[in-house]
Amino acid sequence: PLQNHSRLPVMSGKRVLSASSSESINSCSDQQPAQGVECVSLAPIAAVGGSRRPAWDLKGKVTDMEGKISNYQRKVQTVAQENESLKASVAKSRQKEAQMTSDLQELHTQLRYRVPGNMQRVDYYVKMGTTLRETQDTVRNLEETVARQTDEIHCGEMERRELHNTIQELKGNIRVFCRVRPLQAGGQSDHIQLPAHDNKALTLAKTEESHIGRSGDTQKSYNFSFDRVFGPSIPQKDVFEEISLLVQSALDGYNVCCFAYGQTGSGKTYTMEGGEMEDMRGVIPRAVQQIFQASKKLREKGWKFTFTASFVEIYNETLRDLLYTGKANKRPEHEIRKSANNEVTVTNLTYQKVNSEDEVCNLIALANQNRSTARTNMNDHSSRSHSVFQLDIEGENSGRDVKCKSSLCLVDLAGSERVQKSQSQGDRFKEMTAINGSLTNLGIVIAALANKESYIPYRNSKLTYLLQSCLGGNSKTLMFVNISPEADSFPETLNSLRFASKVNDCVIGTASANRK
Ligand SMILES: Nc1ncnc2c1ncn2[C@@H]1O[C@H](COP(=O)(O)OP(=O)(O)OP(=O)(O)O)[C@@H](O)[C@H]1O
């Protein structure tokens with residue numbers, strides 16, 4: 001029988017508390033599941049770097065640090081604004097200075113050639129000389145302030161980054177962001193509530209008819225909290241801003257995996273790939289842009305990087321090379337292999353060396369052409385496969401004798417809806433079975449990693465086998481749970497949120513950079 005992907009294994013005897021999950025998350029014992037929704041029974045533990053800490057201890061620390069980060073952000077923003085207006089004043093004063101210098105020169109020339117009426121001009125000349133010196137002093141002071149404030153901004157940014165890393169270490173290296181798609185018909189969703197003062201919380205509410213019949217309708221609500229919740233109006237740019245530090249970590253030698261999970265049509269592809277217009281660009285193109293821009297800056301500090309891109313699709317537990325350009329009937333088969341040093345590779349796959357953002361964008365366009373899509377009742381262009389974009393990064397700073405190696409994996413998972421809703425039959429049913437099997441296994445792998453089990457069942461599905469090095473202890477993982485706001489998606493939304501909050505409760509040790 002088809003397994004529901006949100007059914008994660010029961011961890012008996014382990015108390016469930018985590019740094020990031022709200023105590024108000026529904027557990028199956030105290031809430032009736034919505035119709036068609038199965039309970040999630042994973043009980044995670046809060047383990048940081050192998051040791052267990054009381055979750056309230058972690059929660060307090062994390063809240064404290066997040067408060068500090070907000071303060072830094074506010075401070076940096078204020079100083080940056082101030083600096084911008086100072087820079088404008090410097091530019092104005094410079095103009096004034098230039099004008100005065102040229103006026104003075106002119107006067108000087110006139111005085112030298114004894115132009116008549118020059119006594120007044122001598123006075124004026126002296127006065128102007130004084131004003132010029134004053135202006136020059138002002139400009140120097142302003143420039144010193146700008147330089148000092150730029151240093152402050154830089155220090156604030158470094159401090160913020162350090163705190164961010166510490167938070168990640170405290171919380172472990174898996175983070176979960178929730179993103180709510182706008183209603184297709186426009187307007188506001190009735191059953192998804194996002195508190196204005198808290199960008200980490202979300203309530204799913206439903207009005208149900210009373211079973212007794214006399215007491216009227218009852219309102220049932222389910223509270224969730226994640227590392228961040230993005231409402232329907234949050235633009236792509238702001239979503240990416242929240243993960244840009246994570247992307248940066250890939251250049252620092254960490255394996256980074258970011259995946260989008262959710263039912264068909266909930267906005268996974270929009271989040272990961274987005275549209276062609278600049279403001280619609282999603283995580284993948286923005287991450288690639290950031291990586292190449294940041295590597296350029298690091299090059300000035302003596303780093304050399306080699307980038308290798310691959311793009312693979314997992315459809316019905318079969319791998320397809322999305323960068324394949326040969327004849328359709330000559331498509332090779334692929335196997336996942338693991339080398340002695342634990343590197344995962346895929347046989348016959350295109351591993352393309354890339355040197356620029358444009359080259360990667362061309363590969364992404366090629367992959368999109370190749371991506372198999374199929375029609376289901378739920379979404380005309382529904383993607384029935386997982387797509388995994390991987391950028392392998394090798395860096396070397398010979399001057400400092402340091403090397404680093406990492407992978408950035410960006411994954412658009414196939415739709416997670418249950419089989420009844422899409423009325424799948426035949427091939428669609430087979431697809432759905434494969435999809436749900438691999439998503440179930442993804443949950444199991446994350447849970448096993450969180451519990452530091454000796455055996456992690458990576459090989460139970462192609463998805464987890466392929467992502468093995470990006471999911472393990474030495475990696476930073478971010479999951480987007482995308483949700484649809486339409487009322488008829490309620491059971492799927494609840495399922496997705498429950499799956500995501502269980503992932504959110506998993507703490508996968510502390511990542512360390514692959515540096516030598
Ligand atoms: N945040 C958003 N803002 C505006 N439009 C969005 C947003 N999220 C999704 N959409 C739109 O909703 C539709 C469905 O989104 P998308 O194709 O990304 O869903 P999906 O989860 O990837 O579906 P599938 O599982 O079929 O791949 C698209 O037309 C997309 O442009």
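This short talk goes through the confidence of the model, its nonpolar core and one of its helices.

What you see above is a predicted model, and so I would like to begin with confidence: the mean pLDDT of the protein chain is 77, with 76% of its residues reaching 70 or more, while the model as a whole scores ipTM 0.98 and pTM 0.70. Where pLDDT is low, the predicted coordinates should not be read in detail.

Let me turn to the core. The largest nonpolar core has 87 residues, of which C178, L408, L410 and A500 touch the most other members, and helix 7, residues 426–450, gives the largest share of this core with 12 residues. If we leave aside neighbours within four places in sequence, the contacts of C178 include L202, F226, V481 and A500.

Finally, consider helix 6, which runs over residues 357–370 and reaches 20 Å from its first C-alpha to its last, close to the 20 Å expected. Which of its residues are buried? They are V360, L363 and A367, and because they fall within an arc of 60° seen down the axis of helix 6, they line one face of the helix. That buried set packs against helix 5, strand 9 and strand 13, whereas D358, A365 and Q369, on the other side of helix 6, are exposed.

Technical notes:
Residues are numbered from 1 along each chain as its sequence is written. This is a predicted model: local features need pLDDT of at least 70, side-chain atom pairs count only at pLDDT 80 or more; totals for chains, interfaces and linings use all residues. Helices (H or I, at least four residues) and strands (E, at least two) are DSSP runs, numbered from the N terminus. The expected span of a helix is 1.5 Å times one less than its number of residues. A residue is buried if 20 or more other C-beta atoms lie within 10 Å of its own, exposed if 12 or fewer, and partly exposed in between; C-beta atoms are placed from the backbone. The arc is that of the directions from the helix axis to the C-beta atoms. Two residues are in contact if their C-beta atoms, placed from the backbone, lie within 7 Å. A nonpolar core is a set of buried Ala, Val, Leu, Ile, Met, Phe, Trp, Tyr and Cys residues joined through C-beta atoms within 7 Å. pLDDT is the predictor's confidence in each residue, from 0 to 100.
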